[in-house]
Amino acid sequence: DYKDDTGIFKELIQNADDAGATEVSLLVDWRKGPSSSVLAPKMKEFQGPALWAYNDAVFSDADFQNIAKLAAGTKMSDLNKIGRFGLGFTSVYHLT
C-alpha cells in the first residue's frame, strides 16, 4: 500500500542499494509519446506518462530470473538486504 505516494520511489531506491548501486536517478516524465506506430491498438493508451529509473548496478542472470517470480521474496533470507521487508520490483506494477 502506497498511501504517501513515495513508496514506489523508496522501493526502487532500496532495490538499487541492495544491488550495490552507487548512483540512482528517478525521473517522472509527464509527456505522452506518439501512438501512430505501436504494435497493437490497445497500446496507444500506454504511451506516457512514464517513470524512468536508473542505477549503476549490473543486472545479473539471477536478477532476470527473480524478476519473473512475482512476490517470491528472494531477499527474505539475506540480512544485508534492506529490501527484504518491501514489495520490491513488483511495486512498479501499481503504475500500470
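Predicted model: local features only at pLDDT ≥ 70, side-chain atom pairs only at ≥ 80, totals over all residues.
Let me start with D29, which counts as buried at 12% relative accessibility, where buried means under 20% relative accessible area, exposed means over 50%, and partly exposed lies in between, computed with a 1.4 Å probe on protein chains only. The side chain of D29 meets that of R31 in a salt bridge, at 2.7 Å from N to O, and R31, in contrast, is exposed, with a relative accessible area of 63%. By salt bridge I mean a side-chain nitrogen of Lys or Arg within 4 Å of a carboxyl oxygen of Asp or Glu, and a search of the whole structure finds 1 of them.

Residues are numbered from 1 along each chain as its sequence is written, and side-chain values use heavy atoms, with hydrogens and water left out.

Now to the overall picture. The protein has 2 helices and 2 strands, and along the sequence they follow the pattern α-β-β-α; helices (H or I, at least four residues) and strands (E, at least two) are DSSP runs, numbered from the N terminus. Of the 96 residues, 17% count as buried, and the accessible surface comes to about 7,500 Å², of which 58% belongs to carbon and sulfur atoms, with areas taken from the Shrake-Rupley method and a 1.4 Å probe, only the protein chains shown counting as cover for residues. If we take contact to mean heavy atoms within 4.5 Å, then residues 24 or more positions apart account for 53% of the contacts with a separation of 6 or more.

Let us turn to helix α1, which covers residues 7–18. This helix has 12 residues and reaches 16 Å from its first C-alpha to its last, close to the 16 Å expected at 1.5 Å a residue, the expected span being 1.5 Å times one less than the number of residues. Which residues of α1 are buried? They are G7, I8, E11, L12, N15, A16 and D18, and these buried residues pack against β1 (24–29) and β2 (50–55).

D18, in helix α1, has 8% relative accessibility and so counts as buried. D18 is 39 residues from A57 in sequence, yet the two are 9.3 Å apart in space, C-alpha to C-alpha. After α1 comes G20, whose phi is positive, near 90 degrees.

That brings us to V24, in strand β1, which is partly exposed, with a relative accessible area of 37%. Leaving aside neighbours within four places in sequence, V24 is in contact with I13, A16, Y54 and N55, and its C-alpha is separated by 9.2 Å from that of A57, 33 residues apart along the chain. Together, I13, V24 and L26 make a nonpolar surface patch of about 210 Å²; patches are made of residues with over 30% relative accessible area and no salt bridge, like charges being joined within 9 Å and nonpolar side chains (Val, Leu, Ile, Met, Phe, Trp, Tyr) within 5 Å.

Finally, P49 sits in the loop between β1 and β2, and the peptide bond from G48 to P49 is cis, with omega near -5 degrees. In general, most peptide bonds are trans, and most residues other than glycine have a negative phi.
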